[in-house]
Amino acid sequence: MASRGFPYADLQSFLAALESAGELRRVTVPVDPTLEISEVVTRTVRAGGPALLFENPTRGEMPVAINLFGTEKRMAMALGVESLDEIGARIGALAKPELPVGWSGIREGIAKVLQLKSVPPKKVKVAPVQEIVLKGDQVDLGRLPGLQVWPGDGGIFHNFGLTHTKHPETGKRNLGLYRLQQHSKNTLGMHWQIHKDSTAHHAVAERLGQRLPVAIAIGADPVVCYAASAPLPGDIDEYLFAGFLRGERVEMVDCLTVPLQVPANAQVILEGYLEPGERHPEGPFGDHTGYYTPVEPFPVLHIECMTMRKDPVYHSIITSQPPQEDHGLGKATERIFLPLAKILIPDIVDYDMPAAGVFHNCLIVSIRKRYPKHAQKVMNAIWGAHLMSLTKLIVVVDEDCNVHDYNEVAFRAFGNVDYARDLLLTEGPVDHLDHSSYQQFWGGKAGVDATRKLPAEGYTRGWPEEMIMAPEVVSLVDKRWKEYGL
């Protein structure tokens, strides 16, 4: 870790590390944040290209950093590891001995990890992000090079704003990552979805007839950026989790106009409030599903104060049909939370979330099959597990199948399944952004049992033996490979 300068103090130090590693390219010519940046980034992502720093956007007053997390290599760099599985291994080791199975088990597993390696945030009085302070009429979101990513978007969006709220009654903090539509020079549309914790905070504030204070951080250090996207239980502090990942406390500072704390080394902070009962049309927006999400009414953030560094860098992300940068964040979550998923569902050997499944559409799971209908038991357990409950298609394979090799998975799913017997259909909650469900927020789900079938499951033909080359022949060909001239 030390060789990479981890933990990164801020976005600038991460960009420097990426540039040193040949993982960052500077774009010095003027580029338009309306559509042009999006097209450049999309082509770069799909070519497996580097992070980009647009130094001269034609709108706004600061450079745009983007595609920072677009590959597993850069995501590992962001979290200070050689492989994302290293973090999962750390969590798995700390979470032992085994905790109770069920949702309480995964919550207790995270809490135990954080308690064992407690690195709570550190409050500071002076912060780089408050070098410049703009209040009242001085607030102008036009200073930010917000993006219009797709032609049909409803306007300019800020796509990597880290949203801070507190539960009005308990004071419990939440950090979330939601898109923000720019309505005016000092108002934003808050697209927080029905299943998100900030939505619950806002609902309580409205029930009490109170304004909800909100602070948005743009351009935090990469670990805090990831923590904001992580699917943590509502009672687990994202900044405690970020401290665990960093191995160092996150420095935070009090906001100037709202009772919230924000990362001291961020680039820009937007402070404001939501008026109870106020809604404004938000959208359309070209989302990670590959389709525009429709216009819906969402709360409006009134910004009273805007603080920033003297030389800030604006951080954003592009959403589109996969592959796109957000898959890097999803892959990190997949690997980091595997040990905790095993606490929740001990049957799991490994799992994979394909990029084409855009997080919730498909989950591939391998199990060590022990009894009839074991695969169906695992499917139902996943559909009852926190945000994994939104999964639409689950494919279950035997433990000797590499869940990350989609050809091998397809071979099992296409060839090992009698769809009259091995397909489980049900209904349940789906993602807010899911456009295929006939009713918003819930729809049909399917589980495919692609495991070897047992006589006790009604398969009486005798499962055939799979063809495997003799190990001594494999070894012989390995040794002689150069001789073949191939």
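Reply: Here is a walk from the charged pairs to their surroundings.

First, some ground rules. This is a predicted model, numbered from 1 along each chain as its sequence is written, with local features needing pLDDT of at least 70 and side-chain atom pairs counting only at pLDDT 80 or more. Totals for chains, interfaces and linings use all residues, while side-chain values use heavy atoms, with hydrogens and water left out.

Side chains of opposite charge can pair when their charged atoms come close. Here a salt bridge is a side-chain nitrogen of Lys or Arg within 4 Å of a carboxyl oxygen of Asp or Glu. Searching the whole structure on that basis turns up 33 salt bridges.

Let's start with Arg 179, which pairs with Glu 282 at 2.8 Å, N to O. Those two come from distant parts of the chain: Arg 179 is in strand β7 and Glu 282 in strand β13 (residues 280-282), 103 residues apart. Strands (E, at least two residues) and helices (H or I, at least four) are DSSP runs, numbered from the N terminus. Arg 179 also meets Asp 287 in a salt bridge, at 2.9 Å, N to O. Again the link spans distant parts of the chain, since Asp 287 sits in the loop between β14 (285-286) and β15 (292-293), 108 residues from Arg 179. Glu 282 and Arg 179 are both buried, and Asp 287 is buried as well. Buried means under 20% relative accessible area, exposed over 50%, and partly exposed in between (1.4 Å probe, protein chains only).

The α6 helix runs over residues 197-207, and its buried residues include Ser 198, His 201, His 202, Val 204 and Ala 205. Down the axis of α6, the buried residues fall within an arc of 160°, so they line one face of the helix. That arc is taken from the directions from the helix axis to the C-beta atoms. After α6 comes Gly 209, with a positive phi near 70°.

Now for a network. Asp 85, Lys 331, Glu 334, Arg 335, Asp 350 and Asp 352 are linked by salt bridges. Take Glu 334, which belongs to helix α9 (residues 326-336). At 0% relative accessibility, Glu 334 counts as buried. Setting aside residues up to four places away in sequence, Glu 334 touches Tyr 351, Asp 352, Met 353 and His 404, where contact means heavy atoms within 4.5 Å.

Asp 85 brings in another helix, α4, which covers residues 85-94 and has Ile 87, Gly 88, Ile 91, Gly 92 and Leu 94 as its buried residues. Viewed along the α4 axis, they stay within an arc of 170°, so one face of the helix is lined by them. Ala 89 and Ala 93 are exposed on the other side of α4. As background, an α-helix has 3.6 residues a turn, so residues three or four places apart point the same way.

In the model, residues 15-91 are 40% helix and 14% strand, with end C-alpha atoms 27 Å apart. Residues 329-450 come out at 28% helix and 26% strand, with end C-alpha atoms 28 Å apart.

One more pair to finish: Glu 466 and Arg 452 form a salt bridge, the closest N and O atoms being 3.6 Å apart. Both sit in the loop between β23 (442-449) and α13 (471-480), 14 residues apart. Glu 466 is partly exposed, with a relative accessible area of 40%, and Arg 452 is partly exposed too, at 27%.
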